[in-house]
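Have the model open beside you as you read.

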Amino acid sequence: MNIQTEHRQPTTGPTPYDEVYYPGHVYGHTHPNHLATIAAVYGMQPAPVERCRVLELGCGVGGNLLPMAFQYPDSEFVGVDLSGATIERGQRNIASLGLSNIKLLHCDIMDVDTSFGQFDYIIAHGVYSWVPPAVREKMMTIFKQNLAPHGVCYVSYNAHPFSHLRDMVRDMMRYHTRHLTGMKEKVGQARAILKFLSEGSKAHSVHGAVMRDQCNRVLKAPDELLFHDDLDEGAEAFLLHEVVEDAGRHGLQYLSDADFSRRYLAGYSEEVRATLQRFPESEFMARDQYQDFIDGNGFRRTLLCHDGMTLSRQIDLDFVTRFHLLSTTSPVHPDACVTDDSAMEFESQDGSRVTVTNPLLKAAHLCLGRAWPRALSFSELLDGARGLLGGRRADDDQKVLTEAIFILACSGEVSFLASRPFLLKEATDRPQASLLARRQAQTGPLVTNLLHQTVQLEDDRTRHFLQLLDGSRTIDQIIAEMTERFGPTTRIVQTDSAGQPAEPLLLSTRQSVERSLAMVGKLGLLVA
């Protein structure tokens, strides 16, 4: 590894993030595999995720960057943050995993210069809206000078128009807590005053409806998020076009929103769809800006690239055939017939449902769901679907499947990636879970899977079980250790279809281990 950066001690003192720890999480839209995929859709030739350089501004404890470095040992990762306490914590995590391809630097963004070199992907999540204007200006300079010719930059920020409503209650909370300094007291009083004001407003007025909606948001927000985001004196929101125009002054251009499904217009009225579709390619950003106005969008994930890059906004129907496809879909009624034209309903993990009648498409949904969390190429999906139909083929199979997957990919029902993730679904004779997830499970229930997602383990028993999956134990040895620790049987709490308590399930330890192995595989935690 050859990261040309050294430890640079900032000249400023402690930050609020030193005093109040901001939990580190993964953000799927920032992953270089996702960024490379979006860039490829629009005609770019981004660096392969398996061998690239990534810079994250405001990396915190490295909760987002470290899992990427763990996945891709031949790529290089650099994170900078002004908070020395979080950087030290992140460096300890790196050392515990033995990673040599990542550096977290206690460094001011203002000190990032050309000596850092160029990066294929630059990430700035949750920074742009929360720094002074001079730092935002510097960030744009970094995006330009440190971005490789075919590189992609991700920058997120609070956005208007929704943030106008958010700023209204922020003003109220900040006024009420203006003399308080302690996080717990400040957050507690902020929630208390907003609850009082929302309940005191007229329920049937527009103002009252907004107040109640915002109060509900604030009550659900974690303490650290409320303290650093809503109660931050300098937080500022922007319209999309303001950020893009600022980027343009620095020699950058708008690539797209990081969420590809936002360009899917099927959920709008016919008039809205027709109007938005009339925007020419040269006004791609303007279309997205008007869509923000329609949606009331409040948070933006904007992708930028160099202004000399030629982009193609016209997406061919068969673009999906060039990517690896993933979906959590599963049949609502598993015994439904696949081979005829009867309706078959499928449900995804997010609760969305789709009804399918075409046998080939029913079989394709089954293939995707059974493969999850593995990704399938288009040809693998087509062959798998035909296999479920007993090898039955039709001349238009590829056309039918292409059209269906195109719609599902555009709507977000099916994910697509340029590079296939490194994971297994099925357990081997000596199953091995991700070392990163095993380390994370030692301190809490939230772990990061190999799809760059946060997953929650069921209980302490599951957390202990994950520790045993280090590749050194056979399944029989795992069963023996679980029996010694927890006994010969496991009681599984169950609920019925209405969410009411049902008769608990009593499993032997062997059945429990087999069930847990299947669950860990489905969560994307087993490594290849």
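Axes here are lines fitted to C-alpha atoms, for helices over the stretch in contact, with angles running from 0 to 180 degrees between N-to-C directions. Helices (H or I, at least four residues) and strands (E, at least two) are DSSP runs numbered from the N terminus. The model is a predicted one, in which local features need pLDDT of at least 70 and side-chain atom pairs count only at pLDDT 80 or more, while totals for chains, interfaces and linings use all residues. Residues are numbered from 1 along each chain as its sequence is written, and side-chain values use heavy atoms, leaving out hydrogens and water.

**Helix α18 with α19**

- Helix α18 (residues 475–486) and α19 have axes that come within 9 Å and cross at roughly 115°.
- On the α18 side, the contact (heavy atoms within 4.5 Å) uses I475, D476, I478, I479, M482 and T483, and on the α19 side T509, R510, V513 and L517.
- Six nonpolar, two polar and two charged residues make up this contact of α18 with α19; Ala, Val, Leu, Ile, Met, Phe, Trp, Tyr, Cys and Pro count as nonpolar, Asp, Glu, Lys and Arg as charged, and the others, Gly among them, as polar.

**Helix α6 and its partners**

- The axes of α6 (residues 162–176) and α7 (residues 183–200) come within 9 Å, crossing at roughly 125°.
- The two helices α6 and α7 are therefore oblique to each other (under 35 degrees is roughly parallel, over 145 roughly antiparallel, 65 to 115 roughly perpendicular, and the rest oblique).
- V169, M172, M173 and H176 of α6 make the contact with Q189, A190, I193, L194 and L197 of α7.
- That contact of α6 with α7 has seven nonpolar, two polar and no charged residues.
- Helix α9 (residues 223–230) also meets α6, with axes that come within 11 Å and cross at roughly 95°, which makes α6 roughly perpendicular to α9.
- From α6, R166, R170, M173 and R174 meet L226, D229 and D230 of α9, a contact with two nonpolar, no polar and five charged residues.

**Cavities**

- How many cavities of 30 Å³ or more does a search of the whole structure find? There are two, where a cavity is a set of points, on a 1 Å grid over the protein atoms alone, where a 1.4 Å probe fits but cannot get out, and lining residues have an atom within 4 Å of a point.
- The largest cavity has a volume of about 80 Å³, with volume being the space filled by probe spheres set on the points, which are joined across faces, edges and corners.
- Its lining has three nonpolar, one polar and seven charged residues, and α12 gives the most, with three residues.
- The second largest cavity holds about 30 Å³ and is lined by N158, D167, R170, A235, E236 and A237.

**Second largest pocket**

- This pocket (an open set with protein on both sides within 12 Å along at least five of seven lines) has a volume of about 990 Å³.
- Of its 39 lining residues, W372, G412, S415, L451 and Q453 lie nearest the centre.
- Helix α2 supplies the largest share of the lining of the second largest pocket, four residues.
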